[in-house]
Amino acid sequence: MSDAATQGLSPQIRILPRGEQRLLANIGRIDPTSIASYREHGGYAGLERAVAHLGPEGTIAEIAKAGLRGRGGGGYPTADKWRSARAAAGARKIVIVNLMGADPTALGDRALAEGNPHLVLEGALLAAFATGASELVLAVRRDWLLAIERLRAAIAEAEANRFAGYLVLGTDFSCQASVWEGSGALVAGEETALLAALAGDRGMPTIRPPYPTETGLWQAPTTVQNAETVAHVAWILTHSAEAFASAGSQASPGTKLVSIYGKVTEPGLVEVPMGTTLGSIIDLAGGSVGTVKAVFVGGAGGGALSAEELRTPYDVEALRTGGAGIGLGAMLVTDTATCMVDTARFFLEWSSREACGKAIPCRIGTKRLVETLDRILAATPRPNDFTLLRELARKMRDTALCKLEARAPGPMLTTLERFPDEYRAHAERGVCLAGSCRVSEVPPLVTPLADVEPAASA
């Protein structure tokens with residue numbers, strides 16, 4: 001029997017038995033279809049504490065004390081978002097939990113929804129209580145059938161036991177929860193695009209401000225969090241802010257779910273303290289297969305760090321400084337037989353296909369970047385192609401309508417900066433230094449490309 005079957009999860013998900021084991025601790029130990037099993041392991045104690053003792057302001061203060069930052073990629077302080085939503089004018093307020101799986105290689109949210117759905121629901125109810133919301137929507141990819149089934153069952157059980165619905169735990173707090181099914185797409189990771197889809201429109205981002213916490217779904221103040229973030233909320237209210245901050249770094253306390261795959265011995269999902277080095281995360285996956293060449297952190301909107309940078313801490317600031325990002329927690333390990341140019345093209349081509357089409361720099365810019373990389377891979381570049389890569393990427397970043405567009409060139413820019421020789425060999429000699437690309441036999445260019453060296457501003 002597979003590990004996933006043992007843990008009651010879809011076969012795509014494999015949880016590694018290493019790391020900090022907070023959010024993942026009870027997956028496989030509790031029955032995900034039973035509220036009684038969840039209660040036996042401390043479930044809903046955090047919600048009881050909040051509504052009976054802390055109140056909305058005290059709940060927000062506890063999250064602020066913990067230092068929780070959003071786990072959806074942006075790293076925005078959760079308490080600040082909640083304060084903004086609570087202070088916004090309007091009798092109707094909404095909480096949205098984003099389970100749209102915008103990055104298909106990051107499986108943390110799906111594992112939580114399937115393996116411990118009440119943990120996600122409890123954290124979402126706490127967000128609703130703190131922000132003054134009376135409506136809660138769990139937005140889930142429609143092909144995550146097991147997650148949808150278990151979340152709906154969790155809502156029904158919670159309502160039957162007065163943890164959700166009308167007059168929660170006999171107080172004046174009421175919150176109606178529901179599951180909404182949507183098409184999985186990269187743009188669903190952008191909160192304003194998700195809100196547009198929930199309203200029945202095409203899922204496209206809108207200009208901010210106003211922010212959703214001011215004017216969101218149906219013009220009501222709306223708090224959008226991903227499933228991992230609200231799961232941490234439930235853990236904090238159950239175990240305390242001090243316990244949460246005992247792991248992780250000062251700037252980024254707590255833990256993070258990381259989906260590690262590629263050239264590692266045991267690909268899977270692991271929970272690590274924020275600030276853990278990239279090399280240590282690889283060790284938690286059984287070590288690398290072969291010699292590590294680069295690690296792509298943050299999925300299609302992240303970036304590549306070289307083998308010499310494996311001591312880089314896995315936290316928001318350190319990765320951002322290196323040109324990468326946390327994203328939803330995907331981490332691809334590559335070896336010396338992996339071509340950096342071809343890998344960058346793969347990520348860019350996926351971003352191009354996933355572009356919603358609203359912003360011209362994204363809709364057209366990603367396609368032009370892919371075409372330019374194709375010319376380099378075919379050893380038929382134009383004299384200014386390397387300048388074009390950098391300048392077009394800069395313009396996309398500076399004019400971006402959403403963060404997905406701004407970050408799309410990340411894998412290309414970081415590999416161009418760290419592995420310029422591979423780009424040069426492809427462009428000038430039609431040679432793949434990694435030996436993994438099928439390239440044409442063409443003579444070297446008469447005039448060498450002078451601008452292959454990465455620009456400092458890239």
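These are my notebook entries on a predicted model and what I looked up in it.

**Ground rules**

I number residues from 1 along each chain as its sequence is written, and side-chain values use heavy atoms, with hydrogens and water left out. As the model is predicted, local features need pLDDT of at least 70 and side-chain atom pairs count only at pLDDT 80 or more, while totals for chains, interfaces and linings use all residues.

**Entry 1: overall build**

I began with the fold and found 18 helices and 10 strands in the protein. For my own reference, helices (H or I, at least four residues) and strands (E, at least two) are DSSP runs, numbered from the N terminus. The radius of gyration is 23 Å, close to the 23 Å that the globule rule gives for 458 residues, so the protein is as compact as a globular protein of that length. That radius is taken over C-alpha atoms, and the globule rule is 2.2 Å times the number of residues to the power 0.38. The C-alpha trace spans about 80 × 45 × 40 Å along its principal axes.

I then asked about burial: 57% of the 458 residues count as buried. Buried means under 20% relative accessible area, exposed over 50%, and partly exposed in between (1.4 Å probe, protein chains only).

**Entry 2: aromatic pairs**

Next came the rings of Phe, Tyr and Trp (its six-membered ring), which pair if their centres lie within 6.5 Å; planes under 30 degrees apart count as stacked, over 60 as edge-to-face and the rest as tilted. I get 6 aromatic pairs by this rule. One of them is Tyr38 with Tyr44, edge-to-face at 5.2 Å centre to centre and 85° between the planes. Tyr38 is buried at 5% relative accessible area, and Tyr44 is buried too, at 0%.

Phe129 and Phe173 have ring centres 5.2 Å apart and planes at 70°, so I logged this pair as edge-to-face. This pair links distant parts of the chain, 44 residues apart: Phe129 sits in helix 6 (residues 117–131), and Phe173 in the loop between helix 7 (145–160) and strand 4 (176–182). Phe129 is buried at 9%, as is Phe173 at 8%. I also noted one aromatic cluster formed by Tyr38, Tyr44 and Phe163.

**Entry 3: cavities**

Where is empty space left? Rolling a probe the size of a water molecule over the atoms shows it. On a 1 Å grid over the protein atoms alone, a cavity is a set of points where a 1.4 Å probe fits but cannot get out, and lining residues have an atom within 4 Å of a point. Grid points are joined across faces, edges and corners, and a volume is the space filled by probe spheres set on the points.

I counted 3 cavities of 30 Å³ or more. The largest cavity has a volume of about 160 Å³. Its lining has 18 residues, with Ala355, Cys356, Cys362, Leu404 and Glu405 nearest the centre. Helix 13 (340–354), helix 14 (360–377) and helix 16 (403–407) each give two or more residues to this lining, and helix 14 has the largest share, with 3 residues.

**Entry 4: cysteines**

How many disulfides does the structure hold? I found 0, taking a disulfide as a pair of cysteine sulfur atoms within 2.5 Å. Cys437 is in no disulfide, and the nearest cysteine sulfur, that of Cys339, is 3.5 Å away. Cys437 is buried at 19%, and Cys175 is buried at 0%.

Note on methods
1 Å grid on protein atoms, 1.4 Å probe; cavity = no way out; pocket = protein on both sides within 12 Å on 5 of 7 lines; lining within 4 Å.
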